[in-house]
Amino acid sequence: MALAGLGQPPTSDWTSTPFNAPSYPLAVRTPYLSAWFPSPEGGVALNQAWPEFWTGATLGWTGFAKVDGVAYSFLGESSVTNFTQATQVSAEFTSTRSIFVLSAGPVDLTVTFLSPIEPEDLVKQSFPFSYLSVSASSGDGSSHNVSVYTDITGEWLATDHTAAINWTTTTGDVLTHQSQLKNQTEYTEGDGRILQGSMFYSTRNVDGATYQTGSSTVVRSYFISNGKLANTRDTNYRAIDNDWPVFAFARSLGQVTKDTPQYAVFSIGHVRDPVIKYIQNNGVTFEGRSYYFWSTYSTISGAITAFLSDYSEALSRAKALDEKLQTAASSISSDYADIVALSMRQTFGATELTISGSPGAWNTDDVLMFIKEISSDGNVNTVDIIMPAWPAFMYLNPKLGEYLLLPLLQYQATGQYPNKWAVHDLGGPIADGHDQGLDEKMPIEECGNMINMMLDYTQRTGDASLVKAYPIHLNQWAEYLVANTLFPANQLTTVDFDGPLPNQTNLAIKGIIGIQAMSVISRKYLDDAESADSYSSTAASYLKTWLNYGISSDDTHLVLEAGLTSNVLAFNLAMDKLLGLNFIPDSVYSLQSTYYENHLAKYGFALDSRSTYTSSEWMIWTAMTTSTSVRDSFIKAIHNWVSSGKSKTPFTDRFDDATGSSSANKNRPVVGGNLALVHSKFLHFWEI
């Protein structure tokens, strides 16, 4: 926000649990509701900077508390006067929450940002809303009068601050500020924002709740002077940066003591309808798809009321999910549990659950989940984004895996995609497919990914409907692998930043495992023993050849490219472990594990010898194939990097293995792959 704070904030030390995150997720539910608080080396207090959109653009989000007539700031960096900065005492993140404790004079404020993850409730998971809770308790044992204030700006709508916006405030059981761009363009992005839809900032209309819209300076100063707001509406609609209109609430908490803390809850969300436009089978028309929650709530106000009313239960469910994930991941190591916790909201915050239909006629049997390739090319349902992220969805609810694959399968079943291999993505932000076949070409990569994911889904759920519905495409992709995977042509892989390369051993083994996986699908689920025998025989023959050319001349490690001196993080071997195929000889795992152990850099093992970049999720995937000691070394290296303070962005999934410098990749859902070890260890999270 183009408003500077007054002077330097007081220097404070605080406790960070489990460590100081590079960037704390605040409100992270969808690709467009994605608010973070950057905290580079040394940490930044919640009231020392502005929250940011995942791109780094400022999001005006302010918080004040008034304690016995004295105003304190607890959120954001406001330029108004006559307040004192609260002193941060602690910062903590879990899988679903970021929690900050600040001392506002004699009162302790607990500021909780809860972005629910509701994997088994599609209505709740589809809500594009997040919670802010502010709790106050006495820190000195005495009773104190407390009121709290919060506002947001139009910066939540667009990075272009000259854009004109308008807004309304509705009252009733719930107070809601709705704001939106004056001129909207459906399905169009600007700097990562969707130029469509509305922001909704809400709180329950209880005793002591007041509201106000107007100039940031005027509204904030009014609260600082009065401890409440004026219940007035500014109707001078204007640009985001024209006297900075804000949408504010205040809430009197009354007298608070140590034994009777009081709290206020606010919700923030970004809603658009339709959510996405999805290509239909004639290649000309498109289907507008809506959030799943519309099947239960006919109005936004009804959805918001239900969301706010559910806060206590939502918090209980969040704590339960946090605990289950913590328990599962801690069975491997505490460092691993920390990595998992920081990965969860980022993973689910890239997704949106949709249904077809219209008001009164929603089709809840037609569920499609869209996942955005954030910060790289912006496409939806990119296959080699779903594949690394796969463990998070399959572990928490395998049906989500099906909902992610269906948009790709249904599109290719129309026959509009002309290539013989699996499509790379569905386009974006409109899911318009690639009827000309001009998507990014990763033929072996995506064929192997689709077959492997479909077998994993089928084995873990016992539901063969997916493979039985698309046998033609499965066989088509398997036949492509048979014809092309042994000595791959000059193809891209998921590490496409390094460019294409022929004869990649890591790519070849993905395809070979895919052929073996197809033999299992054919025999066990498609009742096609002849094809199963053929695929199995081919995979075994290819593996024998691969073992001859994929291992270095000194028999110490796998090479990146056949016949050349090189090395590779052989993460695709993990597909054998994931699927329980027992196809790769143990000697290969042992060989490579020893090589990793002897060549590990400070922050990990490079993806391959073409660069020094490594990847958190692919190291975790690879750890499925290593010794326990190497697994733990990989985890420690990732933990050392993510807690080092070398980044101030959402979890970067690619960084230099020696220096820790980050790539441009950030906030990508691929960090869901950091759950690969719990996904492989436990069938489902409810087994814990």
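**Strands and helices, by chat**

Modeller: Let's start with a strand pair. Strand E8 and strand E9 (residues 97–104) run antiparallel and are joined by six bridges. Bear in mind that this is a predicted model.

Biologist: Which residue in E9 stands opposite Glu92?

Modeller: Ile99 does.

Biologist: In which sense does E8 pair with strand E1?

Modeller: In the parallel sense. Strand E1 covers residues 15–17, strand E8 covers residues 87–93, and three bridges link them. Ser16 stands opposite Ala91 in E8.

Biologist: What holds paired strands together in general?

Modeller: Backbone hydrogen bonds, in either the parallel or the antiparallel arrangement.

Biologist: Which of them point which way?

Modeller: Phe129, Tyr131, Ser133, Ser135 and Ser137 point one way from E11. Ser130, Leu132, Val134, Ala136 and Ser138 point the other way. Both sets are buried.

Biologist: What does E11 pair with?

Modeller: Strand E10 (residues 107–114) pairs with E11 in the antiparallel sense, over eight bridges. Leu114 has Tyr131 of E11 as its bridge partner. E11 is also joined to strand E21 (residues 262–271), again by eight bridges and running antiparallel. There, Phe129 stands opposite Gly269 in E21.

Biologist: What is the strand order in the six-strand sheet?

Modeller: E7-E6-E5-E12-E20-E18. The sheet is open, and its pairing is mixed. Strand E7 (84–85) and strand E18 (209–215) are the edges, each pairing on one side only.

Biologist: How many bridges between E5 and E6?

Modeller: Five, in the antiparallel sense. E5 is residues 61–67 and E6 is residues 70–75. Lys66 in that pair stands opposite Ala71 in E6.

Biologist: And the four-strand sheet, what order there?

Modeller: E22-E23-E24-E25, an open sheet with antiparallel pairing. Its edge strands are E22 (276–279) and E25 (363–371), and each pairs on one side only. Neighbouring strands of this sheet are turned by 45° against each other on average, direction ignored.

Biologist: How is E24 joined to E25?

Modeller: By six bridges, running antiparallel; E24 is residues 351–356. Thr354 stands opposite Leu368 in E25.

Biologist: Where does H6 bend?

Modeller: At Ala389, by about 60°. A proline, Pro391, follows within four residues.

Biologist: Why call H6 largely enclosed?

Modeller: Because 14 of its 14 residues are buried. Buried here means under 20% relative accessible area. So the rest of the structure largely encloses H6.

Biologist: What about H7, where is its kink?

Modeller: At Leu405, about 35°, shortly before the proline Pro407. H7 covers residues 398–413, which is 16 residues. It reaches 22 Å from first C-alpha to last, close to the 22 Å expected.

Biologist: How many H7 residues are buried?

Modeller: 13 of its 16, so I'd call H7 mostly covered. Gly415 follows H7, with a positive phi near 85°.

Biologist: At what angle do H5 and H16 pack?

Modeller: About 55°, with their axes 9 Å apart.

Biologist: Left-handed or right-handed crossing?

Modeller: Left-handed.

Biologist: Last one, Val588. Buried or exposed?

Modeller: Buried, because its relative accessible area is 2% and the cut-off is under 20%. Val588 lies in helix H14 (residues 586–599).

Biologist: How far apart are Val588 and Leu547?

Modeller: 41 residues in sequence, and 8.5 Å in space, C-alpha to C-alpha.

Technical notes: Residues are numbered from 1 along each chain as its sequence is written. This is a predicted model: local features need pLDDT of at least 70, side-chain atom pairs count only at pLDDT 80 or more; totals for chains, interfaces and linings use all residues. Side-chain values use heavy atoms; hydrogens and water are left out. The bend at a residue is the angle between axes fitted to the seven residues ending there and the seven starting there. Helices (H or I, at least four residues) and strands (E, at least two) are DSSP runs, numbered from the N terminus. Buried means under 20% relative accessible area, exposed over 50%, partly exposed in between (1.4 Å probe, protein chains only). Two strands pair if DSSP finds at least two bridges between them. Axes are lines fitted to C-alpha atoms, for helices over the stretch in contact, and angles run from 0 to 180 degrees between N-to-C directions. A crossing is left-handed if the near helix is turned anticlockwise from the far one by less than a right angle, and right-handed if clockwise. The expected span of a helix is 1.5 Å times one less than its number of residues.
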